[in-house]
Amino acid sequence: MKITDFEPIIVRVNQRGDWVFVRVHTDEGIVGLGEASHAGNDALLLAALAHYRERLIGQDPTRIQAIWRQLHNKNAGRVEHTALSGVEQALWDVLGQKLGAPIRDLFGGPLRDKLRLYANINRHVADRSPEGFARAAQQAVAEGFTAVKLAPFDELRAPDHVRTGPKAAWRKGVERVYAVRAAIGDEVELLVDCHERMDAPEAMMVAQALAEARLYWYEEPVANTHADDLARVSAAAPMPTASAESVYAVAVFAPFLQRRLVDILMPDVKHDGGLMETVAIAGAARAAGLLIAPHNPSGPAACAATAQVSCTLSNFVILEYAWGEVPWRAELLEPAERIENGYLLLPAGPGLGHRLNESVVAEHRREIASPMDSSKAAV
């Protein structure tokens with residue numbers, strides 16, 4: 001089998017970003033699907049994908065490790081890691097289809113046939129008032145989700161925001177969290193994402209302020225590169241902590257494995273190098289006594305890919321779901337994405353188990369320059 005073509009596809013979503021899919025075509029008619037969304041710069045991502053295309057044409061797509069090692073650059077940034085992750089997902093899809101087996105079977109088979117989700121309402125919420133967050137959370141719970149996440153600290157973007165006292169910028173975020181807790185009741189899990197916007201003393205104050213909200217976890221209060229600060233916050237916080245959504249490749253997870261910086265690791269299949277790296281990270285985390293909850297504010301292809309490996313992990317706890325971004329999300333895939341009672345159901349088909357629905361893609365596709373044209377841009 002040989003790779004004959006490589007195709008990026010961009011689908012319009014909303015002001016928070018588009019979904020970028022990649023398809024690997026082969027001389028046996030098998031087409032593999034992956035996702036490379038949210039690289040931070042889609043123009044540079046397309047250039048990276050075009051550069052990979054030139055190196056992939058003619059190669060055997062089933063030699064996934066060899067291709068990954070050929071393309072991987074440990075010194076690359078988010079864009080190139082995202083491009084590589086999307087390619088790697090598509091190669092596993094090709095292999096699974098060729099063998100007539102779901103990707104999960106290629107990683108030892110599933111431990112579970114469905115995955116518990118939490119609804120990340122942040123990309124949906126336009127009304128950023130406490131009431132706006134509360135309404136969205138109530139709607140997600142009404143749809144069957146038993147866990148909800150919000151990112152409430154909009155006021156902390158400025159580096160010089162007020163950190164202490166009655167006018168501290170984080171107080172409005174805390175108000176939003178308690179409004180959501182009141183709206184969803186005590187039985188629904190509540191998660192809070194801080195987007196690395198605090199320093200350690202501030203993060204510890206906020207953690208104490210949120211103690212009565214009974215959080216499932218407190219996510220990325222400080223930058224994941226600030227290991228000492230993250231360890232301090234985790235030791236002081238009255239709830240579990242989570243981090244590492246933008247860490248690339250298993251070797252770079254070493255600081256999280258050598259000592260307990262957080263309780264839950266959040267590798268993202270779109271950025272961490274793909275399915276093999278996600279499984280390797282989870283295995284290392286298991287040895288360190290850590291849980292895995294993949295970061296997944298993604299389109300449906302990356303969600304499906306993440307599910308294919310998450311179902312094989314003994315230390316998996318819950319999967320992120322980008323709730324409420326567009327009403328046609330489920331239909332973008334064939335067969336459609338299936339969620340019942342807050343659980344993602346695994347598809348039965350080989351490989352990823354899904355193809356893109358061409359009619360839905362056509363309605364929302366963003367036209368781009370050809371991959372060969374994109375290769376002229378700087379990478």
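Which residues touch the most other members of the largest nonpolar core? The legends below take up this point and others in a predicted model, in which local features need pLDDT of at least 70 and side-chain atom pairs count only at pLDDT 80 or more, while totals for chains, interfaces and linings use all residues. Residues are numbered from 1 along each chain as its sequence is written, and side-chain values use heavy atoms, with hydrogens and water left out.

**View 1. The largest nonpolar core and a second, separate one.** A nonpolar core is a set of buried Ala, Val, Leu, Ile, Met, Phe, Trp, Tyr and Cys residues joined through side-chain atoms within 4.5 Å, where buried means under 20% relative accessible area with a 1.4 Å probe and protein chains only. Of the 63 residues in the largest core, those that touch the most other members are Ile121, Phe153, Leu210, Tyr218 and Leu265. Its largest share, five residues, is supplied by α6. A second, separate core of 49 residues has Leu33, Leu71, Ala83 and Trp328 among its members.

View 2. Helices (H or I, at least four residues) and strands (E, at least two) are DSSP runs, numbered from the N terminus. Helix α6, residues 170–184, has 15 residues and reaches 22 Å from its first C-alpha to its last, close to the 21 Å expected at 1.5 Å a residue, the expected span being 1.5 Å times one less than the number of residues. Its buried residues are Trp170, Gly173, Val174, Arg176, Val177, Val180, Arg181 and Ile184. They cover an arc of only 155° around the axis, which puts them on the same side of α6; the arc is that of the directions from the helix axis to the C-beta atoms. Their cover includes α5 (130–142), β5 (147–150), β6 (189–193) and α7 (200–209).

**View 3. Strand β6 between its pairing partners.** Four of the five residues of β6 are buried, so this strand is largely enclosed by the rest of the structure. β5 and β6 pair in the parallel sense over four bridges, pairing being assigned if DSSP finds at least two bridges between two strands, and valine 148 has leucine 190 in β6 as its bridge partner. With strand β7 (residues 217–219), β6 also pairs in the parallel sense, over three bridges, and valine 192 has tyrosine 218 in β7 as its bridge partner.

View 4. Leucine 333 lies in strand β12 (residues 333–334) and is buried, with a relative accessible area of 2%. Not counting residues up to four places away in sequence, leucine 333 touches (heavy atoms within 4.5 Å) Leu33, Pro300, Ala301, His354, Arg355, Leu356 and Asn357.

Technical notes: Buried means under 20% relative accessible area, exposed over 50%, partly exposed in between (1.4 Å probe, protein chains only).
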